[in-house]
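Please examine the sequence and the three-dimensional structure shown below. The paragraphs that follow lead through the structure step by step.

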Amino acid sequence: MSNVVVLDNGGGLIKAGQGGERDPAVVIPNCLYRPLTSKKFLHPTTTTEEDLTSAAIRRPIDRGYLINPDLQRDIWSHLFNSLLHVSPSSSSLLLTEPLFSLPSIQRSTDELIFEDFGFNSLFVADSPSLAHLYESSRRPDSLLSEAQCSLVVDCGFSFTHVAPVFQNCTLNYGVKRIDLGGKALTNYLKELVSYRSINVMDETFLMDDVKEKLCFVSLDVETDLQIARKQGKDNLFRCTYVLPDGVTHKKGYVEDPEAAQRHLRASPSAAMEPNKEAYQLETIAKTEERKRVDLTKNEFDLMNERFLVPEMIFQPADLGMNEAGLAECIVRAVNACHSYLRPVLYQSIILTGGSTLFPRFAERLQKDLRPLVPHEYQVKITTQNDI
């Protein structure tokens, strides 16, 4: 067994394992949680069967940076001793950290690793350089590997970075950041569901599950909004999520998973303009439905929320945010680099991070990016599905 411990310490999830292994041995939330049935905060495990409804959460990382070293020490101690079963004193550590981490945060991390845990040695790397290294080793004959140049789009928990990488080193002057990540998407989904159906503002774990199972990226927002207004089977996006009841099931689930995937098999021509009479009847029906809201129901329906939430990444300005969309951010990052690198960067775009796993994410990015890129450049996007 290798004496190198690999630790991807994200704001949302921790992925850890032994050096040389194909997949992480442990994937747990980077937080402590307190269920309603408990009076103290508990450590997450790989097989948590507890009812996490309205669970309180404490995170050591906020907006991508470490703010509570004591809490992080507690989580790492549980990770190393109870889950990985490693001895830090006889091991080395490979640790990921966000780009542009402050020196004070770096010192706090060093103190944790050497003074509290006693690791032999430490190597700190940023996510873009590791993603580039992995992709070039996986495809040794590709342009990315031969040119040793790529553009890594890392959509993580706290933010999104677009980072040019050359010879396995991140070009910091070309890095662009969007203050949007998985946490912001979950919070937006909470607000939409709470306004339209039932109050889920305290259901972080539950809404994370809803987002991961039901949300997708729209290739044509206007057309999909028309489909979402339809009634009955013509509405390809309507699906029901059942909340846990704490007795028969402690986790939420999609009522009909097959129906939730109908939109992926439907042709674009399925969207037809609804007539005015049908639209008026639908408006009346919705008004009546709001008047008789059942506060005791244990399920809610999702329609246009499924694609409006990931739309934040591509059009944050539509929500009043002073941020560039992902496609524009990529163009700015490439233009900040030397002109000789630009054709290679556009042909070597790597998507990594949990927020890139939405269905059709790469196709939508290709569609938005192509009009912004000079016609003589090719655009090729690679998705890392095993992140």
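Lys213 has a relative accessibility of 40% and therefore counts as partly exposed; residues are called buried under 20% relative accessible area, exposed over 50%, and partly exposed in between (1.4 Å probe, protein chains only). The side chain of Lys213 meets that of Asp209 in a salt bridge, with 3.2 Å from N to O. A salt bridge is defined here as a side-chain nitrogen of Lys or Arg within 4 Å of a carboxyl oxygen of Asp or Glu. Both residues belong to helix α6 (residues 204–214), where they are 4 residues apart, about one turn of the helix. Helices (H or I, at least four residues) and strands (E, at least two) are DSSP runs, numbered from the N terminus.

The model is a predicted one, in which local features need pLDDT of at least 70 and side-chain atom pairs count only at pLDDT 80 or more, while totals for chains, interfaces and linings use all residues. Residues are numbered from 1 along each chain as its sequence is written, and side-chain values use heavy atoms, with hydrogens and water left out.

Other salt bridges can now be considered. By the rule given above, the count comes to 14 salt bridges. One of them joins the side chains of Arg238 and Asp301, at 3.5 Å from N to O. Arg238 lies in the loop between α7 (221–228) and β14 (239–242), and Asp301 lies in strand β16 (residues 299–302), so this pair ties together parts that are 63 residues apart in sequence. Arg238 is partly exposed at 28% relative accessibility, and Asp301 is partly exposed as well, with a relative accessible area of 32%.

The next topic is the chain as a whole. The protein chain contains 15 helices and 18 strands. Of its 387 residues, 47% count as buried. The chain exposes about 19800 Å², of which carbon and sulfur atoms supply 50%; accessible areas come from the Shrake-Rupley method with a 1.4 Å probe, and for residues only the protein chains shown count as cover. Among contacts (heavy atoms within 4.5 Å) between residues at least 6 apart in sequence, 66% join residues at least 24 apart.

Strands of a sheet pair through backbone hydrogen bonds, either parallel or antiparallel. Strand β1 (residues 4–9) runs parallel to strand β8 (residues 92–96), and 4 bridges join them; Leu7 stands opposite Leu95 in β8. By contrast, β1 and strand β2 (residues 13–18) run antiparallel and are joined by 5 bridges. These two strands form a hairpin with 3 residues between them, and Asn9 has Ile14 in β2 as its bridge partner. Strands β2 and β3 also run antiparallel, joined by 4 bridges, with Ala16 opposite Val26 in β3.

Two residues deserve attention for their backbone angles. Most residues other than glycine have a negative phi, and most peptide bonds are trans. Gln167, although not a glycine, has a positive phi of about 50°. Gln167 lies in the loop between β11 (160–166) and β12 (169–170) and is exposed, with a relative accessible area of 53%. Arg360, likewise not a glycine, has a positive phi of about 70° and is found in the loop between β17 (349–352) and α15 (361–369).

Finally, the confidence of the prediction should be considered. The predictor's confidence in each residue, from 0 to 100, is called pLDDT. Its mean over the protein chain is 86, and 89% of the residues reach 70 or more. Among the elements of the chain, helix α13 (residues 326–335) has the highest mean pLDDT (96) and helix α10 (residues 276–291) the lowest (47). Over residues 281–287 the pLDDT is below 50, and this stretch has 3 contacts in the model beyond near neighbours in sequence. Where pLDDT is low, the predicted coordinates should not be read in detail.

Methods. Pairing = 2+ DSSP bridges.
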